[in-house]
Amino acid sequence: MHRGKGMKFVGDSRVPAERKPNIPKDYSEYPGKTEAFWPNFLLKEWMVGAVFLIGYLILTISHESPLERKADPTDAGYIPLPDWYFLFLYQLLKYKYAAGDYVLIGTVVIPGLAFGALLLAPWLDRGPERRPSRRPVATGLMLLALISITYLTWESVVTHDWEKAKEQGKIVESNIDKNDPGYQVFKGQSCVGCHGSELTGGTGPSLIGTGLKPEEIMKIAKEGKGAMPANAYKGNEADLKKLATFISKLEK
């Protein structure tokens, strides 16, 4: 700084230091480009919001929600599917090193690193350059994230068994007498976890319309069949007979 020269402080970067008089610009210099916040701007916002809300209500009335049957916490065979924006995380849990013994990696470590990096991006990438070609690290990481999310979401959609999902969520009227002593035995056993509270099946087959006699059902309960292990039934003989009789009477 030369002798006799002092620093010049300007409160508004749009105001030149040599401007005489040094007064910030007034909004009156921009006719037609400004408006009052109240009520002009808010009124426009409310009108747009009202149009969107009415359109959304019409859409929900004309297209009913794809509701499924009542949730059954005892149905261990039900395969849930998250909303579309979580499908990439859902697909990630299908891979070997993100599920099973490594489930902590798929649920905490990988998502934590990804979202942590996104949260810290403003502090990690502080360069003044804004052109993507001049920011190879930031651009590369963003493209990697975008490609990964797109690929995992696509894989989740194409590999999901949509027919099975539609079938397991179908709303059906139950004709089962849940006051029957046999159903009470069924409900108290581990059977409900595999065959569902409606006996329509889950990880195990449906028990409705099997065509089996009570003696055959009792034998399967004791000796097992297919994926069903032996001695799955833990009750007494009298209750087992009630259960077998109840199942044998069920018709489709």
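## A first look at a helical protein model

Valine 109 is partly exposed, with 37% relative accessible area (buried means under 20%, exposed over 50%, and partly exposed in between, with a 1.4 Å probe and protein chains only). This is a predicted model, in which local features need pLDDT of at least 70 and side-chain atom pairs count only at pLDDT 80 or more, while totals for chains, interfaces and linings use all residues. Residues are numbered from 1 along each chain as its sequence is written, and side-chain values use heavy atoms, with hydrogens and water left out. Welcome, and here is a tour by topic.

**The overall picture**

- The protein has 9 helices and 0 strands; helices (H or I, at least four residues) and strands (E, at least two) are DSSP runs, numbered from the N terminus.
- Read from the N terminus, the order of elements is α-α-α-α-α-α-α-α-α.
- Of the protein's 252 residues, 19% count as buried.
- The protein's accessible surface is about 20,200 Å², and carbon and sulfur atoms hold 64% of that area; such areas come from the Shrake-Rupley method with a 1.4 Å probe, and for residues only the protein chains shown count as cover.
- Among contacts with a separation of 6 or more, 51% join residues 24 or more positions apart; contact means heavy atoms within 4.5 Å.

**A nonpolar patch on the surface**

- A nonpolar surface patch is formed by Leu93, Tyr97, Tyr102, Val103, Leu104, Ile105, Val108, Val109, Ile110 and Leu113, with about 890 Å² of accessible area together.
- Patches are made of residues with over 30% relative accessible area and no salt bridge, where like charges are joined within 9 Å and nonpolar side chains (Val, Leu, Ile, Met, Phe, Trp, Tyr) within 5 Å.

**Two helices that cross**

- Two packed helices are described by the angle between their axes and the distance between the axes.
- Helix α6 (residues 181–188) and helix α9 (residues 237–248) have axes that come within 8 Å and cross at roughly 110 degrees.
- Here, axes are lines fitted to C-alpha atoms, for helices over the stretch in contact, and angles run from 0 to 180 degrees between N-to-C directions.
- That makes α6 and α9 roughly perpendicular to each other (angles of 65 to 115 degrees; under 35 counts as roughly parallel, over 145 as roughly antiparallel, and the rest as oblique).
- On the α6 side, Pro181, Gly182, Tyr183, Val185 and Phe186 meet Asp239, Lys242, Leu243 and Phe246 of α9.

**Salt bridges**

- Side chains of opposite charge can pair when their charged atoms come close.
- A salt bridge is a side-chain nitrogen of Lys or Arg within 4 Å of a carboxyl oxygen of Asp or Glu, and the count by this rule is 5.
- Aspartate 125 and arginine 135 form a salt bridge through their side chains, at 2.1 Å from N to O.
- Both aspartate 125 and arginine 135 are in the loop between α3 and α4, 10 residues apart.
- Aspartate 125 is partly exposed at 29% relative accessible area, and arginine 135 is partly exposed at 24%.
- Arginine 131 and glutamate 129 form another salt bridge, with their closest N and O atoms 3.1 Å apart.
- A network of salt bridges links Glu129, Arg131 and Arg134.
- In helix α9, lysine 242 and aspartate 239 lie 3 residues apart, about one turn of the helix, and their side chains meet in a salt bridge of 3.9 Å, N to O.
- Lysine 242 is partly exposed at 41% relative accessibility, and aspartate 239 is partly exposed at 25%.

- Serine 156 belongs to helix α4 and is buried, with a relative accessible area of 1%.
- Beyond its neighbours within four places in sequence, serine 156 is in contact with Leu87, Tyr90, Gln91 and Lys94.
- Histidine 160 is placed in the loop between α4 (136–159) and α5 (162–168), and it counts as buried at 10% relative accessibility.
- Leaving out neighbours within four places in sequence, histidine 160 touches Leu81, Tyr90 and Ala165.
- Glutamate 198 lies in the loop between α7 (191–195) and α8 (214–223), and counts as partly exposed at 24% relative accessibility.
- Glutamate 198 and isoleucine 176 are 22 residues apart in sequence, with their C-alpha atoms 7.3 Å apart in space.
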